[in-house]
Amino acid sequence: MEKQLLISLVSDQTIPNVQIIKEFGNSETDYKFLLTKGMQRKGVVQWIVDATQIKGFQDIFVDEYSVADIENELHKIDYLEYSRIIVNLTGGTKMMVLSVFDFFRNKRNTEMYYVTGIGNAYQKIVDRGCEQKLFSCSISLEEYLRSYGFSIKKAKPSGVSLEQTEKIYNHYINGDFLRYPDSLNFLRERRGKVITDTDFVNVKDFLEAIEYYPAQEGILSRSETKYLTGEWFEEYIGAKIKSDLELTDNQILVGTTIRKDVPLRQELNSVPILLGLEDEDMGPENEIDVMFVKDNRFYVIECKTSIIAGQRIISKPRRNKKGEFMYDEKGQQLMDNTIKEDDILGETIYKSDALRTKFGLFAKSYIFTLSNLKQWVANDSNKAKKMSDLLKRVSLSNIKIVDRTLLIQAENMCSLL
């Protein structure tokens, strides 16, 4: 096998680098990354290396605004030892792309490529234009996430069968959940906690109505209370997507926590220095309901059984003017209750939009819900106005909502994506 060189222009969008490396790289390939100091601070090359597991690479730093500097750095490479030179023009700044293209366009044994991000295609640049080609390789979901600097913490599956989950889904669609509001509130208050036989009476009738039988009779485990308060819906959506899109295990994850590496920038506010904390070079954790890759494109879905705004009571201890807790004549602490409007859809849009921008230019974001939006706004102009404003925000954020009606009408998940 003859030796080859693969040169990658680096930017925030790392997936094209990973795709071309996976498509053309082999054991006889040397890898060189053309990048700026700004990209080095972000650590993007390390993300690419973590995703592809390549060895023997070199960073080449350039001034992104200087053609002379870019050409000077490229001239330092000894090209005679390579029988094939592959150049990925997808990343970098416009000045870098133009300079590199001009440098290599007449160099022997050189091929230049550009990844469009549309479908599974990429372009080979030839004398009179471009030739479209299809990737023979595919990117796993974990490779995609590592490409953007994410670490992954997989959730332990509930262990509940798909058959059982489908039963619960059908009971929800049929309105059986609505008959047990007290049981549902009881479960939500104890989400992630064990419900023992003494409290089991509060949920017994509800569980029988939805045909759910605990692993241990008369007791709900921590994982079961989490499953029954919403995780069943994300597991249902995940299973249906995996089946309908014919995905493999390495293409989809359900109920996963991700965290993005954020290298410290000493020129800005440093958390460890200001607060005396260690290991603060990671961003906040985010729980993702369903995410998958198909044809090298990334999809993320937030699953909500309901996104309809509602009210909840918030209780706070009452205090006197001195700030002391107050009690009644029986010694019971006095509480002040306030009603708070829940903006579930607004909060979900904000989370989905904030995450979508971290997954690359071509990531697709969805909100799946069992709320019936049309029914909720019927004959209520105030609700219709509020929902209309929220849906405009969804459209501006390039997020698609799939509600109860669309889910029921769809023949399979392919038609919804």
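This briefing describes the fold of one protein chain, from its overall make-up down to single residues.

The model is predicted: local features need pLDDT of at least 70, side-chain atom pairs count only at pLDDT 80 or more, and totals for chains, interfaces and linings use all residues. Residues are numbered from 1 along each chain as its sequence is written, and side-chain values use heavy atoms, with hydrogens and water left out.

The chain holds 15 helices and 15 strands; these are DSSP runs numbered from the N terminus, helices being H or I of at least four residues and strands E of at least two. Of its 417 residues, 43% count as buried. Buried means under 20% relative accessible area, exposed over 50%, and partly exposed in between, with a 1.4 Å probe and protein chains only. Among contacts (heavy atoms within 4.5 Å) with a separation of 6 or more, 70% join residues 24 or more positions apart.

- Seven strands form an open sheet in the order 3-2-1-4-5-6-7, and their pairing is mixed.
- Strand 3 (57-61) and strand 7 (129-134) are the edge strands, each pairing on one side only.
- From one strand to the next, the twist averages 25°.
- Two strands pair if DSSP finds at least two bridges between them; strand 2 (residues 29-35) and strand 3 pair in the parallel sense over five bridges.
- Lys32 has Gln58 in strand 3 as its bridge partner.
- In general, strands of a sheet pair through backbone hydrogen bonds, either parallel or antiparallel.

**Helices**

- Helix 1 (residues 15-24) lies across strand 1 (4-9), strand 2, strand 4 (84-88), strand 5 (110-115), strand 6 (121-126) and strand 7.
- Helix 1 runs at about 170° to strand 1; axes are lines fitted to C-alpha atoms, for helices over the stretch in contact, and angles run from 0 to 180 degrees between N-to-C directions.
- Helix 4 (residues 67-75) and helix 5 (residues 94-104) have axes that come within 10 Å and cross at roughly 45°.
- Helix 4 is therefore oblique to helix 5; angles under 35 degrees count as roughly parallel, over 145 as roughly antiparallel, 65 to 115 as roughly perpendicular and the rest as oblique.
- The residues in contact are Val67, Ile70, Glu71, Leu74 and His75 of helix 4, and Met95, Met96, Ser99, Val100, Asp102, Phe103 and Phe104 of helix 5.

**A buried serine**

- Ser183 belongs to helix 8 (residues 181-189).
- Ser183 is buried because its relative accessible area is 8%.
- Apart from neighbours within four places in sequence, Ser183 contacts Asn202, Val203 and Phe206.

**Cysteines**

- The structure has zero disulfides, a disulfide being a pair of cysteine sulfur atoms within 2.5 Å.
- Cys130 has a relative accessible area of 52%, so Cys130 is exposed.
- Cys414 is partly exposed, because its relative accessible area is 40%.

- Most residues other than glycine have a negative phi.
- Asn109 is not a glycine, yet its phi is positive, near 60°.
- Asn109 sits in the loop between helix 5 and strand 5 and is partly exposed, at 34% relative accessibility.
- Glu211 also is not a glycine and has a positive phi, of about 60°.
- Glu211 lies in the loop between helix 9 (204-209) and helix 10 (222-244), and at 29% relative accessibility Glu211 counts as partly exposed.
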